[in-house]
Amino acid sequence: MSAIQKNVEASSESYSSTFTQGDLVLPPAKKYLVLTCMDARIDPAAAFGIGLGDAHVIRNAGASAVDALRSIIISEQLLGTTEIVLVKHTGCGMLTFKNEDAYGIVEKNLGEEAVAELKAKSLDFLPFPELEEAVKEDVKFLQASKLVPDSVTISGWVYEVETGKTKRIV
């Protein structure tokens, strides 16, 4: 067992020994979801005031609305959320490359067959060159989608990893 797996096991044992919130209901109590980046420097619960059971937190590389759409639909249509808080962040890795760069690294590290699989799936890594514009574009994407009802409130934010502050963009 790796050191990481041992830590998961020990932490789970410690956490579960005092856990008292097993009766929370499945739908999020505050009926919203947060879409943010998978970056390890972001603690959504602490940074955005999310208590256990309050909201869905969807994380992916770059806080991509396109990539998260399946989870957003499930959250809204099956579990009743009515608001989306989209949060990208400063220093995001998605600002540092283009699709061609990612394809090149995959080819170098995993070979031509891996690249062929990416191309067969038409995989777009969804990088972006400008942070605030990417927030606006993702909000527009969600607002324009027939899969997100007009009644859903959508806002876009930037979290500053350097300061812990979050500012509203749209």
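H89 touches C37, D39, R41, I42, L131, V158, Y159 and V161, leaving out residues up to four places away in sequence. The model is predicted. H89 lies in strand β3, and C37 lies in strand β1. An unreviewed UniProt entry lists C37, D39, H89 and C92 under the feature "binding site". These residues span 56 residues in sequence, yet no two of their C-alpha atoms are more than 8.8 Å apart, so they gather at one spot.

**H89**
- The relative accessible area of H89 is 1%, under the 20% cut-off, so H89 counts as buried.
- Among the residues that H89 touches are C37 and D39, which also carry the UniProt "binding site" annotation.

**C37**
- C37 has 4% relative accessibility and is therefore buried, the limit being under 20%.
- Setting aside neighbours within four places in sequence, C37 is in contact with R59, N60, A61, G62 and A63, as well as I42, V87, H89 and C92.

**Strand β1 and its partners**
- Strand β1 covers residues 32-37 and is mostly covered, with six of its six residues buried.
- Strand β2 (residues 55-60) pairs with β1 in the parallel sense over six bridges.
- Strand β3 (residues 83-89) also pairs with β1 in the parallel sense, over five bridges.
- L33 stands opposite H56 in β2 and opposite I84 in β3.

Technical notes: Residues numbered from 1 in each chain as written. Predicted model: local features only at pLDDT ≥ 70, side-chain atom pairs only at ≥ 80, totals over all residues. Heavy atoms only, no water. Buried < 20%, exposed > 50% of the residue type's maximum accessible area, 1.4 Å probe, protein only. Helix = DSSP H or I, 4+ residues; strand = E, 2+ residues; numbered from the N terminus. Pairing = 2+ DSSP bridges. UniProt positions renumbered as here; feature names shortened; annotations may be inferred. Contact = heavy atoms within 4.5 Å.
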